[in-house]
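Please have a look at the sequence and the coordinates before reading on.

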There are 2 protein chains.
Amino acid sequence: MVYEATVSAPVNIAVIKYWGKRNTKLILPTNSSLSVTLSQNHLASTTTSQADASFDGADRLWLNGKEEEVKEGGRLWVCIKELRGFRAELEAQDSSLPKLSTFPLRIASRNNFPTAAGLASSASGLAALVASLSTLYALPQSPSELSRIARQGSGSACRSLFGGFVAWREGTAADGSDSLAEEVAPQSHWPEMQALICVVSDKKKGTSSTSGMQRTVETSPLLQERLRIVPGRMEAIEKAIQERDFSTFAKITMIDSNQFHAVCLDTCPPIFYLNDVSRSIIALVEELNRAAGEPIAAYTFDAGPNAVIYALEKNMPKIIKAVQQFFPTEEDFNDRLAVSAKVSEAALPEGFQEVIPKWEKGAVKSLIHTNVGDGPRKLDSAKGLLKEDGTPKELA
Amino acid sequence: MVYEATVSAPVNIAVIKYWGKRNTKLILPTNSSLSVTLSQNHLASTTTSQADASFDGADRLWLNGKEEEVKEGGRLWVCIKELRGFRAELEAQDSSLPKLSTFPLRIASRNNFPTAAGLASSASGLAALVASLSTLYALPQSPSELSRIARQGSGSACRSLFGGFVAWREGTAADGSDSLAEEVAPQSHWPEMQALICVVSDKKKGTSSTSGMQRTVETSPLLQERLRIVPGRMEAIEKAIQERDFSTFAKITMIDSNQFHAVCLDTCPPIFYLNDVSRSIIALVEELNRAAGEPIAAYTFDAGPNAVIYALEKNMPKIIKAVQQFFPTEEDFNDRLAVSAKVSEAALPEGFQEVIPKWEKGAVKSLIHTNVGDGPRKLDSAKGLLKEDGTPKELA
């Protein structure tokens with residue numbers, strides 16, 4: 001008999017950035033971080049896990065249809081081992097439970113967004129893996145307890161185990177037992193929060209975040225000052241979220257993104273993720289905010305040139321309008337939240353000045369308009385990614 | 001009778017950057033800085049000063065042929081006032097001296113390099129102004145004492161009063177009396193030091209350094225850490241210069257340039273001077289150094305996208321070759337130091353990898369190859385920029 005669970009998990013985009021590990025094996029960060037979970041209606045990773053006593057040999061895993069080796073001691077292996085251990089504890093306490101912990105696993109995971117979008121898929125992917133195994137094994141562990149496992153798979157994955165606004169507390173314990181994610185506020189607290197992802201073309205292959213952040217830890221003298229600054233920012237942005245104070249939220253989001261890229265530049269050799277298009281998006285948002293007399297949009301950039309612009313629902317149409325005006329996209333706008341009519345009617349803030357050039361078509365490839373979302377979702381078996389025999393379904 | 005002096009002064013390019021004033025009126029910096037003086041054979045500002053009792057009315061001044069107002073309380077006015085004051089002291093001590101301090105002035109200044117080159121001309125221009133008035137007035141003040149005056153005209157101008165390797169000591173006195181430039185080593189100490197200026201095109205008008213640096217002082221938390229770091233870097237790079245240790249000189253030059261741009265990015269709103277071409281030049285130099293097994297070139301960037309690459313004479317041909325290969329220039333190479341034959345023969349370091357794309361022609365407009373130079377030069381009256389009547393000569 002095949003036991004099976006299918007779960008989806010969301011993408012999260014940090015507003016207080018994670019950059020640097022104090023322990024690379026356990027993935028313990030040098031500072032706490034905070035993110036907004038984006039809606040799984042638009043961006044999600046889905047994972048199906050199966051356990052069956054009749055499966056042959058070792059565990060097997062497919063990512064986006066391609067089999068990946070589960071290397072002993074590797075990050076995926078660690079996550080599976082820990083969750084299997086939790087299951088074994090349950091089975092030891094209740095002998096009536098099927099011995100799933102002893103069965104080989106088959107795992108398939110897919111993203112519903114193209115890798116080419118340049119969004120870090122490891123966070124949602126690892127979170128979906130952990131959540132699906134936890135469901136398969138019927139584990140009693142809370143999302144925070146599970147986040148400790150997901151963290152060891154991919155640091156920021158721990159934040160994708162919650163919806164809404166999520167903090168990853170750096171913790172102090174040497175074994176990482178208190179380095180966990182927790183909900184700061186649920187999606188329902190501030191549903192007006194939306195995001196516009198500007199997918200930016202880049203010729204240059206960037207530095208991977210895993211190697212880049214450790215180079216920063218080893219060589220950037222300015223990082224030490226950043227580590228003294230982040231706790232105050234965490235407190236301030238959590239308060240802003242609690243009070244739905246977009247202006248403060250936006251200011252902190254932007255200065256923290258800029259500071260993250262500043263310590264990248266202070267790294268030896270320097271790391272650059274922002275390109276000329278990214279710089280122009282920053283200039284556009286700064287000018288929109290200046291003309292509006294208050295922050296109505298907040299940019300943030302991860303380890304790549306893509307911008308994520310946070311804004312409240314009421315202001316998003318004019319922001320989309322401005323972005324489309326200066327960065328005509330290659331792809332037609334996929335109007336996931338049905339705002340096209342409002343975008344047409346929207347006017348840029350009075351006094352807005354054209355401080356940036358109009359870019360050639362395709363400098364921004366596409367726009368993804370989405371909103372704040374919920375945490376991992378259990379899906380119907382009909383949505384499963386594996387066949388009864390434990391091999392991936394062919395996708396149409 | 002017209003009294004006249006004509007002096008030229010050099011461009012200097014900092015390797016420890018000046019960014020931030022603790023006193024904006026007196027131009028007192030938040031940190032000491034250090035620069036290399038470039039040869040006046042290739043880049044210089046020339047100033048002619050005249051004093052004549054028969055000149056009408058107020059002082060008049062022409063910059064590159066265009067008359068500029070000498071505003072009371074302005075920076076030019078302060079420099080002229082201070083130097084005139086020194087002259088008045090001399091005249092008070094020796095009544096046989098002509099009373100030049102009471103005569104109206106006529107001043108004309110020109111750069112022998114186009115403004116379009118994007119090189120800060122204010123440093124060499126102010127230094128030439130101060131040196132020419134000092135010569136006209138036959139002042140006994142030393143270059144360091146004069147640097148205190150030039151500093152008030154344009155901060156980094158104080159460093160253009162010396163040749164070779166020059167430190168601007170931040171000083172501690174509230175009145176700025178000890179915020180002076182001094183020679184760390186003369187041109188003759190390390191004549192193998194050369195510079196390659198890569199003039200980079202940029203669509204975007206950058207933030208002026210005067211306003212940009214104060215925004216950094218007011219808003220960048222990371223600047224505070226930089227101010228704790230700079231004294232150690234000053235000491236280390238001065239030692240490297242004394243010991244002609246290019247490797248250390250290069251490492252410090254590059255990390256300090258990167259850190260300066262990092263605090264610009266940590267400013268609110270952020271300041272960007274590096275563009276995608278600048279980033280590529282950095283990547284090219286880092287790869288040349290990696291392949292060579294030691295730093296053979298050091299990039300540094302001021303408040304704009306232009307790169308200045310320092311290298312020793314023996315390594316410059318291969319560096320020019322590499323730059324020309326990836327950044328074909330709009331203008332033909334003006335071979336000021338007669339290295340073309342050596343560039344043709346030069347080979348890139350073994351193991352060099354093509355980590356950057358080849359740019360379209362003109363991404364780098366031109367290259368200026370020069371070397372370390374001397375301090376201000378007194379020029380023949382034949383080189384004067386003013387006619388007997390105190391108006392600028394027409395230039396061919």
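This is a predicted model: local features need pLDDT of at least 70, side-chain atom pairs count only at pLDDT 80 or more; totals for chains, interfaces and linings use all residues.

Residues are numbered from 1 along each chain as its sequence is written, chains are lettered from A and ligands numbered from 1 in the order in which they are written, and side-chain values use heavy atoms, with hydrogens and water left out.

**The largest cavity**

Rolling a probe the size of a water molecule over the atoms shows where empty space is left. On a 1 Å grid over the protein atoms alone, a cavity is a set of points where a 1.4 Å probe fits but cannot get out, and its lining residues have an atom within 4 Å of a point. Grid points are joined across faces, edges and corners, and a volume is the space filled by probe spheres set on the points. Searching the whole structure gives three cavities of 30 Å³ or more, and the largest cavity has a volume of about 190 Å³. Its lining holds 19 residues, with L265(A), F272(A), L265(B), F272(B) and L274(B) nearest the centre. Two or more lining residues come from each of α6 (246-265) and α7 (276-292) of chain A and α6 (246-265) and α7 (276-292) of chain B; helices (H or I, at least four residues) and strands (E, at least two) are DSSP runs, numbered from the N terminus. The most is given by α6(A), with three residues. By class, the lining has eleven nonpolar, four polar and four charged residues (Ala, Val, Leu, Ile, Met, Phe, Trp, Tyr, Cys and Pro count as nonpolar, Asp, Glu, Lys and Arg as charged, and the others, Gly among them, as polar).

**A sheet in chain A**

In chain A, four strands make an open antiparallel sheet in the order β13-β14-β12-β15; two strands pair if DSSP finds at least two bridges between them. Because β13 (298-301) and β15 (364-371) of chain A are at the edges with a single partner strand each, one side of each has no neighbour in the sheet. α6(A) packs on this sheet, touching β12 (193-200), β13 and β14 of chain A, and its direction makes about 30 degrees with that of β13(A). Contact means heavy atoms within 4.5 Å, and axes are lines fitted to C-alpha atoms, for helices over the stretch in contact, with angles from 0 to 180 degrees between N-to-C directions.

**A buried strand in chain B**

From strand β10 (residues 165-168) of chain B, F165(B) and A167(B) point one way and V166(B) and W168(B) the other, and all are buried (under 20% relative accessible area; exposed is over 50% and partly exposed in between, with a 1.4 Å probe and protein chains only). β10(B) pairs antiparallel with strand β5 (residues 33-37) of chain B over four bridges, and V36(B) stands opposite F165(B).

I27(B) counts as buried at 1% relative accessibility, whereas N64(B) is partly exposed at 36%.

Technical notes:
On a 1 Å grid over the protein atoms alone, a cavity is a set of points where a 1.4 Å probe fits but cannot get out, and a pocket is an open set with protein on both sides within 12 Å along at least five of seven lines; lining residues have an atom within 4 Å of a point.
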